[in-house]
Amino acid sequence: FAIDRQGRAQLYFDADATHVMSLAFDGDILYAGTSDDAVVYRVRGPGSAEVVFDFPGNEVTALDARDGMLAVAANDMPAPRTATKAKTTGGSGTPRKGKGRLWRVDSDGRAERVFSRDDGHFTSVRIGEEQRIFVGEGAEGRVFVVDADRTSATWADVDERQVLDIDVSGDRPVFVTGDSAAFYRATPASPDQALWTSKVQDAEFNARWGQLTWRGEGRIQLQTRSGNSEEPDETWTDWSAAIASPGPVRSPGARFVQIRARLNPGAILRAVQLYYLPQNQRAVVTSVGLKAPRSKNRHALPAASTTYELEWQVDNPDSDSVRYRIRYKREDQPRWRDVLREDQRHTKTTYSWNTSGLPDGWYVVQVEASDELANPEALTLRATRDSEPLRIDNHPPVIDGLGVQGGNIRGRVVDTLGPIARLEMAVDGGDWVVVHPDDQLLDSATERFSIPLGELGEGPHIVAIRATDAGGNTVTSEVTTRGR
């Protein structure tokens, strides 16, 4: 709305968005930032607006404009909490924490993201001299300054959590906060001592800390603390004794660690490094078996082959390089035999196993996962997994006693392992026709059959019987008969 000096209000601009979150003037032009789709409008007059840019995120929380340049705080905010009937004990609670993105839009319309934070959203923004942008955070009470070349630094860090507005137009910049309310004036004086605290560093697993080193100038002291929760709390250790020169970390091993530096006047801290060794994690083989057939036809039989495609799944938490050893044994025997030689380093989770030298039977395959390629022997971890029994069937069945008796083709199919999976007949080189054994079920290694020949006509006829076992091995036998 536009309100004149007499207090009369008129609708100035009606956006499609749920909320107009922020406003900024640059001469006679009004800029409006909205929620939902994080759109910024340029409003040139009552009801006359155009889109400047549709930003990533879901709300433009703060805007500032100066000499044709826009500074835009376009945040990605979480969905509002669902209201509940739970009672509170006072206080405003923890504010919603989003992800902050600071954009600069130049006078020619070019939009560039110049600064971002994933651990907090932005609640205020102001353009200073030489296109420096000051941006206030809404979670940890910090003000950052971003130069035209995109370099950034923490300009102020206060106890309050929300920096709601900034003014840098005077000799002494000021800013105000919420949660709780405070008014700050920044002075050019240097502090007696500066304190820098790192983000919580995650080793992903329980870790041993090594050397803590840094580069800088002047008197600097570093401390550490550690714990196993993502956010420092009462379960964390206290800050360690300070060290004034690089040396071993004095905090006990844990998953998380944090570093704090105290800088005396004139000191400069350029870089910090902390060395660590995470606890080795075992690579676990979760399943072993044969590769699933590619055919989607559930009635299709496998192609006969003495090569069996093995595959296995592995849970490798720390992504170490893993070496696999493969062993096998007959289901009814205790002795494992190696598939690979010791000098063969197999690192894939598949293997083509040549079984041509094995008798038919049921076999169990064992895969061992070892992270010896990434760790010394003392720290190497191993795990094994056995497959379900696998059918190794490399030999075709045999057709016995094939002959003609009483107008029927009679015989028997025998396999060493079984079961017989398919029985077929062809007459005089014609198409193969599926036939059934005497008991109508293909469920054993031996199947008898008696197949009526029907009216074959005059003259001799060649009748072929083909049997296929569950391993895809096939045998064919023929008999000659005379028609009536």
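A: The answer goes from the overall fold to one strand and its core, and then to some backbone details in loops.

This is a predicted model, in which local features need pLDDT of at least 70, side-chain atom pairs count only at pLDDT 80 or more, and totals for chains, interfaces and linings use all residues. Residues are numbered from 1 along each chain as its sequence is written, and side-chain values use heavy atoms, with hydrogens and water left out.

The protein has zero helices and 38 strands; helices (H or I, at least four residues) and strands (E, at least two) are DSSP runs, numbered from the N terminus. Its radius of gyration is 39 Å, whereas a compact globule of 484 residues would come near 23 Å. That radius is taken over C-alpha atoms, and the globule rule is 2.2 Å times the number of residues to the power 0.38. Along the principal axes, the C-alpha atoms fill a box of roughly 120 × 65 × 50 Å. Of the 484 residues, 39% are buried, where buried means under 20% relative accessible area, exposed over 50%, and partly exposed in between (1.4 Å probe, protein chains only).

The strand in question is β25, residues 307-315, which holds Glu311. Glu311 counts as partly exposed because its relative accessibility is 26%. Beyond four places in sequence, Glu311 touches Ser287, Val288, Gly289, Leu290, Lys291, Ala292, Thr349 and Thr350, a contact being heavy atoms within 4.5 Å. By contrast, Pro265 is 46 residues from Glu311 in sequence and 63 Å away in space, C-alpha to C-alpha.

The largest nonpolar core has 20 residues, and Leu310, Trp312, Ile326, Trp353, Val365 and Val367 have the most contacts inside it. Such a core is a set of buried Ala, Val, Leu, Ile, Met, Phe, Trp, Tyr and Cys residues joined through side-chain atoms within 4.5 Å. Two or more residues come from each of β24 (284-290), β25, β26 (323-330), β29 (361-370) and β31 (390-392); β29 gives the most, with four. Trp312, leaving aside neighbours within four places, is in contact with residues including Val285, Val288, Tyr324, Ile326, Tyr351 and Val367.

Elsewhere, the loop between β33 (408-414) and β34 (420-427) contains Pro419, and the peptide bond from Gly418 to Pro419 is cis, with omega near -5°. Asp67, in the loop between β7 (59-66) and β8 (69-75), has a positive phi of about 50° although it is not a glycine. Asp67 is exposed, at 71% relative accessibility.
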